[in-house]
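I opened the model to look up a few local features. My notes follow in the order I checked them.

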Amino acid sequence: QVQLVESGGGLVQAGGSLRLSCAASGRYAMGWFRQAPGKEREFVAAFSLSGVSRYYADSVKGRFTISRDNAKNTVYLQMNSLKPEDTAVYYCAARKAAPYYDPRAYDYWGQGTQVTVSS
């Protein structure tokens with residue numbers, strides 16, 4: 001049984017930074033997605049199944065970094081140079097299937113944390 005809990009969301013001005021955390025358990029590859037009102041859930045960042053590689057959406061490359069701390073059983077999303085278009089509910093998720101970009105590959109989801117970026 002896997003339970004995921006996100007934290008670290010909030011309100012930040014454009015150009016600012018936030019770090020999201022996801023407390024996790026189990027042997028899964030982790031990823032981050034986001035969803036804005038009226039839009040589909042969008043891939044943000046993920047580890048490969050092996051844990052060696054990291055993948056990012058084009059919209060966040062160079063600004064966001066996914067990382068993990070195995071000792072704390074936690075995955076992070078460091079978000080720098082935030083833009084208003086980054087405003088969304090952010091979800092961490094766990095998968096055992098290959099397509100990191102596809103939400104259908106993920107078996108478990110956190111409750112989400114709101115990130116709001118003001119102009």
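I took helices (H or I, at least four residues) and strands (E, at least two) as DSSP runs, numbered from the N terminus. The model is predicted, so I noted that local features need pLDDT of at least 70, side-chain atom pairs count only at pLDDT 80 or more, and totals for chains, interfaces and linings use all residues. Residues are numbered from 1 along each chain as its sequence is written, and side-chain values use heavy atoms, with hydrogens and water left out.

Entry 1, backbone. I looked up Ser81 and found it in the loop between E8 and strand E9 (88-95). Ser81 is not a glycine, yet its phi is positive, about 50°. For accessibility I used these cut-offs: buried is under 20% relative accessible area, exposed is over 50%, and partly exposed is in between (1.4 Å probe, protein chains only). Ser81 is partly exposed at 40%. Asn73, in the loop between strand E7 (64-69) and strand E8 (74-79), also has a positive phi, near 55°. I have Asn73 down as partly exposed, with a relative accessible area of 37%.

I counted a nonpolar core as a set of buried Ala, Val, Leu, Ile, Met, Phe, Trp, Tyr and Cys residues joined through side-chain atoms within 4.5 Å. Which residues of the largest core touch the most other members? Of its 33 residues, they are Leu4, Trp32, Val44, Phe64, Leu77, Met79 and Tyr90. Strands E3 (18-23), E4, E5 (42-47), E7, E8, E9 and E11 (113-118) each give two or more residues to this core. I then listed contacts (heavy atoms within 4.5 Å) for Leu77. Leaving aside neighbours within four places in sequence, its partners include Leu18, Trp32, Val44, Phe64 and Tyr90.

My rule was a side-chain nitrogen of Lys or Arg within 4 Å of a carboxyl oxygen of Asp or Glu. The count by this rule is five. In one of them, Arg34 pairs with Asp86, the closest N and O atoms being 2.9 Å apart. Arg34 is in strand E4 and Asp86 in the loop between E8 and E9, so this pair ties together parts 52 residues apart in sequence. Are these two buried or exposed? Arg34 is buried at 6%, and Asp86 is buried at 1%. Asp86 also meets Arg63 in a salt bridge, 2.8 Å from N to O. Arg63 is buried too, at 11%. Asp102 bridges to Arg104 at 3.1 Å; Asp102 is buried at 16%, whereas Arg104 is exposed at 75%. Shared partners join Arg34, Glu42, Arg63 and Asp86 into one salt-bridge network.
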